[in-house]
Amino acid sequence: MASHFWSNTTVLTGRTMRHVTRSLDTIITTAITPIAMMLLFVYVFGGAIDTGTVTYVNYMLPGILLITIASGIAYTAFRLFSDMQGGIFARFQSMPIARSGLLWAHVLTSLVANAISLVVVVGVALVMGFRSGAGVLAWLAVAGILLLFTLALTWIAVIPGLTAKSVDGASAFSYPLIFLPFISSAFVPTETMPGPVRAFAENQPVTSIVNAVRNLFTEQPVGTDLWVALAWCVGILVVAYAFANLTYRRRTS
Amino acid sequence: MLAGMSIPPTPGPAIHVRGLEKAYKELRVLRGVDLAVAPGSIFALLGSNGAGKTTLVNILATLLKSDAGTARVNGFDVATQAGDVRESISLTGQFAAVDEILSGRENLVLVARLRRLKDPGGIADRLLSRFSLTDAGARRAATYSGGMRRRLDIAMSLVGDPPVIFLDEPTAGLDPQARVEVWQAVKELAEGGTTVLLTTQYLEEAEQLADRIAILHEGRIIVDGTLAELKALLPPAKVEYVEKQPSLEDVFFAVVGAGR
């Protein structure tokens, strides 16, 4: 069945992409929360936060982008959950098609849908004064990191999408992920945090990813942050991918 | 329409089940099911809720693994040749398996493209017309009535002309008009040479459609035969005399002696 994998995955991805393009409101909802947070932080809290020479909108955009991805993958879990509940899943499973194609279709759609949300959020940030002198390579590096992060979180989202008993259960897993950037270097420098909180903030994945993206945007040397960020993303990706596929095989055998 | 598929002609039954068993933990749903379905016939599996009809269909459609026994569909073993079985069948499950966000036509094109058939658009248009859905073809399936959704569901199962079709409670929850429409579609299927195994809890449905009827009860097939054979199992019609007890009213008038 492997020879049909690409053909099947392409057709099924076309299907899930239509689900996204025919409910554009989900992409807008995904972008609204991060945009509201961005407005709140830049125009309300930001003035009181000392970020040195970097303007606050430039400082916090990387964290907002991660929040955008974390709320976007909740819809990935929701779309997969809906397929599992309906009879369409049984139909696909009883057809002579590559079974992993359905999962990959949801994963690829998640990458595209999140990319669209990210572009919308960056667009709003530009209106709010976000500026970067970063070159093409730096932008590509940022895109690469965000893509890898989306892929890793998407495979996490696949697990509740496959196993949830209710719609709420399918998307509830994303709340802690949305919250994670708040206890990181995304919105305030970690130096002001008390010991244990600071230790957590500096050693969780969001901080290294935020620092790497921020340094790329502000044309600073990325240092070890980039490698730590990549290691976190790849590590989460490998573990989540393995668990998601194990869950899928259990669910379909 | 079978381009890309190679399904060898199979002598013998289209569906052949021997000693099939399946348990969910302690609950033994199937306790040794035997049945054979002749090619091109309609076979009705009758049983109450929870009798194991869906479990049996899901095993035959390669969605579930059995604990014991063998099952062959179109000559292929469901456990060891699942890929070949999937090439030979279509499943219309208990809940209409249509994509509600896509239009009726897009649903059919989707299945045709997944089966890698030539001219998916043409296949979709022919099926829409066959199931009287041409006018609704461009509308989203979410706007369809229950009967239309079921017809689309069955049409999707016919894409690629699989030789064996499973219909799990095809008329559950439909109004009488829609039920007759579905019956008509199923009859046409069998006339075209397709083998149909359908499950139902409606005796009338089995009577209307099936060449052969089996009753699944407590995990076993307890009866299997034609409608005439099943009717012969009933005791012959007989006349009974029932003693009619007097009502209190009769007693009252008898005692008071008042003429009515």
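Residues are numbered from 1 along each chain as its sequence is written, while chains are lettered from A and ligands numbered from 1 in the order in which they are written. Since this is a predicted model, local features need pLDDT of at least 70 and side-chain atom pairs count only at pLDDT 80 or more, whereas totals for chains, interfaces and linings use all residues.

**View 1. Confidence across the two chains.** The predictor gives the complex an ipTM of 0.84 and a pTM of 0.84. Helices (H or I, at least four residues) and strands (E, at least two) are DSSP runs, numbered from the N terminus. For chain B the mean is 85, with 94% of residues at 70 or more. Here α3(B) is highest at 95 and helix α9 (residues 248-256) of chain B lowest at 75. Please read residues 1-6 of chain B with care: their pLDDT stays under 50.

View 2. An unreviewed UniProt entry lists "transmembrane region" for several spans of chain A, including residues 61-81 and 170-188; positions follow the numbering used here, feature names are shortened, and annotations may be inferred rather than shown by experiment. Residues 61-81 of chain A are 100% helix and 0% strand, with end C-alpha atoms 31 Å apart. Residues 170-188 of chain A are 47% helix and 0% strand, and their end C-alpha atoms are 31 Å apart.

**View 3. Where chain B touches chain A.** The contact (C-beta atoms, placed from the backbone, within 7 Å) takes 22 residues from chain B and 20 residues from chain A. On the side of chain B, α2 (82-88), β6 (89-92) and α3 (104-114) each give two or more residues.

**View 4. The largest nonpolar core.** A nonpolar core is a set of buried Ala, Val, Leu, Ile, Met, Phe, Trp, Tyr and Cys residues joined through C-beta atoms within 7 Å; buried means 20 or more other C-beta atoms within 10 Å, exposed 12 or fewer, and partly exposed in between. The largest has 140 residues, and Leu66(A), Ala44(B), Leu60(B) and Leu108(B) have the most contacts inside it. Helix α3 (residues 56-85) of chain A gives the most to this core, with 18 residues. Among the residues that Leu66(A) touches beyond four places in sequence are Phe149(A), Pro181(A) and Val206(A).

View 5. Strands pair if DSSP finds at least two bridges between them. This open sheet has the order β2-β1-β4-β5 (chain B), with antiparallel pairing. Strands β2 (27-37) and β5 (76-77) of chain B stand at the edges, each with a single partner, so one side of each has no neighbour in the sheet. β4(B) and β5(B) pair over two bridges, and Val73(B) stands opposite Phe76(B). Thr70(B) sits in strand β4 (residues 68-73) and is partly exposed, with 14 other C-beta atoms within 10 Å. Beyond four places in sequence, Thr70(B) touches Arg18(B) and Asp77(B).

**View 6. A hairpin in chain B.** Strands β9 (residues 212-217) and β10 (residues 220-225) of chain B pair in the antiparallel sense over five bridges. Two residues lie between these strands, and Glu218(B) in the turn has a positive phi of about 50°.

How values were computed:
Two residues are in contact if their C-beta atoms, placed from the backbone, lie within 7 Å. pLDDT is the predictor's confidence in each residue, from 0 to 100.
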